[in-house]
Amino acid sequence: MNGKTSLNWKTRFWAVVKYELLWNIRKKKFLGMMVVAFTLATLSLVLPALLSNMTGQPLKQNPDYVIGTGAGIGGLGMFLFAVVVVMNSISGEFESGTIVPLLTKPVSRTMVFLGKLLAAFITLLSAYAVLFIYMTVGGTIVYGPQNNLHLLPLTLLGTLLSTFVWIAIVLAIGTISKSSLIAALGTFGIFMALTISSPIISIFTDQAWVLNYIPGSGMTGYINGTNPQTPYTPGIAVATGTDNIAATLINYVLYPSSDVTFFKIGALRGQAQLVELYTEPLSTVLARSILVALAYIAIFVSVSWYAFKRAQILE
């Protein structure tokens, strides 16, 4: 009897997942986002080559391009994917009235909620896997043979975790408001506010540590003893925010015992210079960013689940 019950639960759960996956695939917004993602990835590949050709300088081989660039879409791309995938995952059911026939099926609200979450994960995993393959092939063609490609699964894992922070936020706003528009605009407002304020706080204030505990790019530090990526920085840059977990993971694998030093721009003898704030192990930066991301995901997913469980449905 228990075996039949378990099989029946699995069958109903996967029916919800398939229902949501088909909805995601049919979304014109998702297909449009894939076009945008490939455009962003292509630009990140070809723009340096075009600039090199325009300036008459040879394009340097970069064996770390793929592992350093990942999906090639940056924090903006991850945010947009989150919005497109789940902005109407639950709120759209209320707006269109499909929540009524959906819940008349032999499925609980918790099953529906978990099925939608798993479908979002599968959708993102598939989209990112295609982008990573595209960037690997393109990066090898443009920048030559690539190093550390065996670390790409770690980059994919970090990118998924970073995106799920925004997914949890979008899902919570959409479930509470029952409005896809409010979910999209509300999260966009949060994203833009953090995007604009984070660099200012990180570079010009002594309170940049606050950025370590909010979604986004976080504050920027530099790995001690590494070759600078530009003549103006003291080492390889590390961003502490939840959007940069993938890059921090790779840096930790490559430089496991390194420390990260954080600076602000201050005035010294009338000139703007980097002023050291503090130093901490790279392992601490990585662990904190992962724990903060998991905390945000747990909190906002729980809020969304509770709101969905308690939501009144008017037929």
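Predicted model: local features only at pLDDT ≥ 70, side-chain atom pairs only at ≥ 80, totals over all residues.
1. Ile265 belongs to a nonpolar surface patch together with Phe188, Met192, Ile196, Ile200, Ile203, Phe204 and Leu274; their accessible area together is about 710 Å². Helix α9 (residues 180–204) supplies the largest share of the patch, with six residues.

2. Leu131 deserves a look of its own: leaving aside neighbours within four places in sequence, Leu131 is in contact with Ala37, Phe38, Ala41, Ala71, Ile73 and Phe81.

3. You will find 15 aromatic pairs in the structure. Phe81 and Tyr128 make an edge-to-face pair, with 5.3 Å centre to centre and 85° between the planes. Phe81 is in helix α4 (residues 74–86) and Tyr128 in helix α7, so this pair ties together parts 47 residues apart in sequence. Phe81 is buried, at 0% relative accessible area, and Tyr128 is buried at 0% relative accessibility.

4. Phe121 and Phe164 form a tilted pair, 6.2 Å centre to centre with 55° between the planes. Because Phe121 lies in helix α7 and Phe164 in helix α8 (residues 152–177), the pair ties together parts 43 residues apart in sequence. Here Phe121 is partly exposed at 33%, whereas Phe164 is buried at 13%.

5. One last item for the rings: Phe79, Trp166, Phe188 and Phe191 are linked into a cluster by ring pairs.

Key. Residues numbered from 1 in each chain as written. Heavy atoms only, no water. Patch = residues over 30% accessible without salt bridge, like charges linked within 9 Å, V, L, I, M, F, W, Y side chains within 5 Å. Areas by Shrake-Rupley, 256 points an atom, 1.4 Å probe, with all protein chains shown as cover. Salt bridge = Lys/Arg side-chain N within 4 Å of Asp/Glu carboxyl O. Helix = DSSP H or I, 4+ residues; strand = E, 2+ residues; numbered from the N terminus. Contact = heavy atoms within 4.5 Å. Phe/Tyr/Trp six-rings, centres within 6.5 Å; stacked < 30°, edge-to-face > 60°. Buried < 20%, exposed > 50% of the residue type's maximum accessible area, 1.4 Å probe, protein only.
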